[in-house]
Amino acid sequence: MCKHILNAQVAIRAACCKKWFDCAECHQELENHPLQKNIEMVFACKKCKKVFRKDITDYDESDEYCPHCDNHYVLKAVTQESKEIQKFENLVKEVKQ
């Protein structure tokens with residue numbers, strides 16, 4: 001489970017080492033080489049567990065969904081920091097009421 005992006009919907013296969021990671025920061029923490037950028041990305045959907053490829057040079061809104069189960073995997077990232085900000089904003093709203 002990714003500690004950086006708490007709502008990660010896919011794992012990404014790094015082209016450089018052929019290993020699976022939930023995000024680029026996970027790769028950076030665990031490997032001793034830079035993440036290789038590639039035109040074709042390989043994903044594994046966390047909902048249906050199936051693997052699929054996407055060409056990022058030909059990417060549109062319909063590509064934000066797993067082609068096997070239609071899971072929407074391109075979401076606004078929820079991070080620990082964003083969760084803390086949301087808690088603070090909710091507290092401020094409660095105090096103002």
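A salt bridge here is a side-chain nitrogen of Lys or Arg within 4 Å of a carboxyl oxygen of Asp or Glu. By that rule, this structure has five salt bridges. It is a predicted model, so local features need pLDDT of at least 70 and side-chain atom pairs count only at pLDDT 80 or more, while totals for chains, interfaces and linings use all residues. Residues are numbered from 1 along each chain as its sequence is written, and side-chain values use heavy atoms, with hydrogens and water left out.

## Salt bridges

Side chains of opposite charge can pair when their charged atoms come close.

| Pair | N to O distance |
|---|---|
| Glu 29 and Lys 3 | 3.4 Å |
| Lys 46 and Asp 22 | 2.7 Å |
| Glu 40 and Arg 53 | 2.9 Å |

Now for where they sit. Helices (H or I, at least four residues) and strands (E, at least two) are DSSP runs, numbered from the N terminus. Glu 29 and Lys 3 meet in a salt bridge. Glu 29 belongs to helix 1 and Lys 3 to the segment before strand 1, so this pair ties together parts 26 residues apart in sequence. Lys 46 and Asp 22 make another one. Here Lys 46 is in the loop between strand 3 and strand 4 (51–55), and Asp 22 is in the loop between strand 2 (20–21) and helix 1, so the parts tied together are 24 residues apart in sequence. Then there's the salt bridge of Glu 40 and Arg 53. With Glu 40 in strand 3 and Arg 53 in strand 4, the pair ties together parts that are 13 residues apart in sequence.

Are these residues buried or exposed? Buried means under 20% relative accessible area, exposed over 50%, and partly exposed in between (1.4 Å probe, protein chains only). Lys 3 is exposed at 56%, and Glu 29 is partly exposed at 48%. Arg 53 is exposed at 53%, while Glu 40 is partly exposed at 39%.

## The sheet

Two strands pair if DSSP finds at least two bridges between them. Four strands build an open sheet in the order 2-1-3-4, with antiparallel pairing. Strand 2 and strand 4 are the edge strands, each pairing on one side only. Strand 3 and strand 4 run antiparallel and are joined by five bridges. Look at Met 41: its bridge partner in strand 4 is Lys 54.

## The largest pocket

A pocket is an open set of points on a 1 Å grid over the protein atoms alone, where a 1.4 Å probe fits and protein lies on both sides within 12 Å along at least five of seven lines; lining residues have an atom within 4 Å of a point. The largest pocket holds about 600 Å³ of space. Its lining has 29 residues, and Ile 12, Cys 23, Ala 24, Met 41 and Phe 43 lie nearest its centre. Strand 1 (10–13), helix 1 (24–30) and strand 3 (40–45) are the elements that each give two or more residues to this lining. Which strand gives the most? Strand 3 does, with four residues. The lining divides into 17 nonpolar, five polar and seven charged residues.

## Aromatic rings

Rings of Phe, Tyr and Trp (its six-membered ring) pair if their centres lie within 6.5 Å. The whole structure has three aromatic pairs. Phe 43, Phe 52 and Tyr 73 form one aromatic cluster.

Conventions:
Points joined across faces, edges and corners; volume = space filled by probe spheres on them. Nonpolar A, V, L, I, M, F, W, Y, C, P; charged D, E, K, R; others polar. Phe/Tyr/Trp six-rings, centres within 6.5 Å; stacked < 30°, edge-to-face > 60°.
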